[in-house]
Each structure stands twice: as C-alpha cells, then as structure tokens.
Amino acid sequence: MTDKPLTGKIALVAGATRGAGRAIAVELGAAGATVYVTGRTTRELVSEVGRHAETIEETAELVTRAGGEGIAVPTDHLEVERVRALVDRIDREQGRLDVLVNDVWGGNKFLDFDTPVWELDLERGLRMLELGVKTHLITSSVALPLLVRRPGGLVVEVTDGTAESNRTPRENFYYDLAKNAPIRMAYLLAEELKRVGGTAVGITPGFLRSEEMLDGFGVTEANWRDGIKIHRHFALSETPVYVGRGVAALVADPDRERWAGRTLSSGQLAKEYGVTDVDGSRPDMWGYLAAEAASSGTEVPMDGYR
C-alpha cells in the first residue's frame, strides 16, 4: 500500500458521529479518500441518543486533519428525501461513489437486558429495528444507483457479532434481529453487486471502547483497564481506530472481492492486513468468545487473543 492508496476515492459513511463510524471515516481519510460523513447530532442539534459531545462536524474535521477531505452532511437516514438529497449532492459534487459504509445505529438506549419478548415494550423494539435495519435499507436503496455507475464499488455493512457468534441468541430479541440483519444484507448485496463488478462485506468490531462504552464503564481511554474489574472481557477491548484501520485496508485491497458476502471481525482484518490497535496490539474478542464457547465452561486464557 502507498501512503494514500485511496486518493481520488469517494466514500459515504452513514452514521459517522461517533464510535466505529467516526473511526472508519477518519481512517479512510488518512488513506486519502474524500469522505461524506452523516448523522443526526450536529453542533446545533442533538439526536435522541443524547450525546452532545460528538458531532458530525467534528468527525469531518478529523477526516480532513488525517489527510483526506471530510464533508459533514446532517442526515436522518429514516427520512428518504433527506437521503436522496445527500446522494444527489455527492453526485453533483463528485459524480461518483466508490464506498458506502452503512453504520447507522443509535439503538442502545432501547436495549433491555434479560427480558423476554412478551415483556419488552413493542415501541422500543420497533424503534431499534428502524434505527438499525430500516436506515440501512433506505440508504442502500438510494445510494446504490450511484455506487454501481462504476465497477468496483464496495458496500460495508457494520454490525455487532460475526455470523458464527450470532447463531446463538443475543442480549435482546429486537437487538438480535437488528444485528443479524446487516450480516444477511452483506450476503445478499454481494450476490447482486457481483453482476456489476461490485461487492459487499459485513464488518464487526469486537468489544468496542467507544465514547459511550467508556462512559458506561466510568473510565477514560487513559485508564480503561480499570473497567476489567467490572467485566473481565474488557481486557480484550479495542479502540474504534482498530476497526477503522481494518476497513481502510480492506477498501484499499484490490482483491477484496474474495471476502464478498462474508462478515469479518476487526481481529480477522488485523491478521489479514497487518494492522494494529493504537497500542500495537491485535485484540480478537470474537475469536476468544468462540474458543470460550468451545471449552464447555472452562475459562480460556486470554493470552494469544490480544
């Protein structure tokens, strides 16, 4: 790879306000791409997520500072006309779209643990599906005509969990549906895009030390290891930069079609492309959980998974 292998490439990261979406946008910028970043939280307006500290304007500035060009476009991806206006703008300004990253989420506040579906609030569950599934469907439907105009387009569906790990029930009925849907979307889109020289993959981070997760554990990036006292798996957690670097390497890979339809973890991307987290480590949370599940209840040493 050259220093700027994505120079001239145009990317849309839908859901780039914080977390994995922000990091993916920044790392695409660091590789030279022009990145349109979207979300609902701006310096003037805060979304229902309720976090005012992270904004799409800041994400765009980070992309530009990293070496690309960041362009912030406030967008609610549940509003079809807003998404059409976004894609029309990209077409008008760039005439192409090479990479679509579907990372829209915002449903954590509706996640109720250890509650059977018949006791879950239906409206909360449906809102989770709107945010995590309907947004991806709308964005793909509207953006793909521009992406397929040139061969080589790539769709990245961001989710939580690998296809293997998500075969077992997740924390909540609606969350399970919301996080399995992008895995299937990546598979189906890959099947359709191969007809026009494009592809799609699913991507999952591991135990992500996002801004929201750090706050939830009551730690900062500087003292994150204190969170291991709360949850031992936090020892294998990773910064958002890790999955961002992996996605940027994937986008720059001329042979990325070999991953078509698969869902890859940040740990798998790191091993394949030689990237590391900011501390030089290569956490493999999903690999560890698979080993733990196969151990019949025996605690697996974490050595070799970081």
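**Close-up 1. The largest cavity.** About 30 Å³ of space lies in the largest cavity of this predicted model, where a cavity is a set of points on a 1 Å grid over the protein atoms alone at which a 1.4 Å probe fits but cannot get out, and a volume is the space filled by probe spheres set on the points, which are joined across faces, edges and corners. A search of the whole structure finds 1 cavity of 30 Å³ or more. The lining, meaning residues with an atom within 4 Å of a point, is made up of Phe110, Asp112, Leu120, Asp121, Arg124, Gly125, Met128, Asn172 and Tyr174. Helix 4 (residues 122–147) gives the most to this lining, with 3 residues; helices here are DSSP runs of H or I with at least four residues, strands are runs of E with at least two, and both are numbered from the N terminus. By class, the lining of the largest cavity divides into 4 nonpolar, 2 polar and 3 charged residues, with Ala, Val, Leu, Ile, Met, Phe, Trp, Tyr, Cys and Pro counted as nonpolar, Asp, Glu, Lys and Arg as charged, and the others, Gly among them, as polar.

Residues are numbered from 1 along each chain as its sequence is written, and side-chain values use heavy atoms, with hydrogens and water left out. Because the model is predicted, local features need pLDDT of at least 70 and side-chain atom pairs count only at pLDDT 80 or more, while totals for chains, interfaces and linings use all residues.

**Close-up 2. The second largest pocket.** The second largest pocket has a volume of about 240 Å³, a pocket being an open set of points with protein on both sides within 12 Å along at least five of seven lines. Of the 13 residues that line this pocket, Arg22, Ala23, Leu62, Glu211 and Val241 are the closest to its centre. Two or more lining residues come from each of helix 1 (19–30), helix 6 (211–217) and helix 7 (240–252), and helix 1 gives the most, with 5 residues. The lining of the second largest pocket holds 6 nonpolar, 3 polar and 4 charged residues.

Close-up 3. At its start, a side-chain oxygen of Asn172 reaches to within 2.8 Å of the backbone nitrogen of Tyr174. Phe173, in helix 5, touches Val117 and Leu120, not counting residues up to four places away in sequence, where contact means heavy atoms within 4.5 Å. The C-alpha atoms of Asp114 and Phe173, 59 residues apart along the chain, are separated by 9.8 Å. Asp114 lies in the loop between strand 4 (99–102) and helix 4, and its phi is near 50°, a positive value in a residue other than glycine. Most residues other than glycine have a negative phi. Asp114 counts as exposed because its relative accessibility is 79%, whereas Phe173, at 44%, counts as partly exposed; exposed means over 50% relative accessible area, buried under 20% and partly exposed in between, with a 1.4 Å probe and protein chains only.

**Close-up 4. Thr42 in its loop.** Thr42 is found in the loop between strand 2 (34–39) and helix 2 (56–66), and it counts as buried because its relative accessibility is 8%. A polar atom of the Thr42 side chain lies 3.1 Å from the backbone nitrogen of Glu44. Not counting residues up to four places away in sequence, Thr42 touches Thr55, Ile56, Glu57 and Pro74.

Conventions:
Polar contact = N/O pair within 3.5 Å; in protein donor to acceptor, adjacent residues only side chain to side chain.
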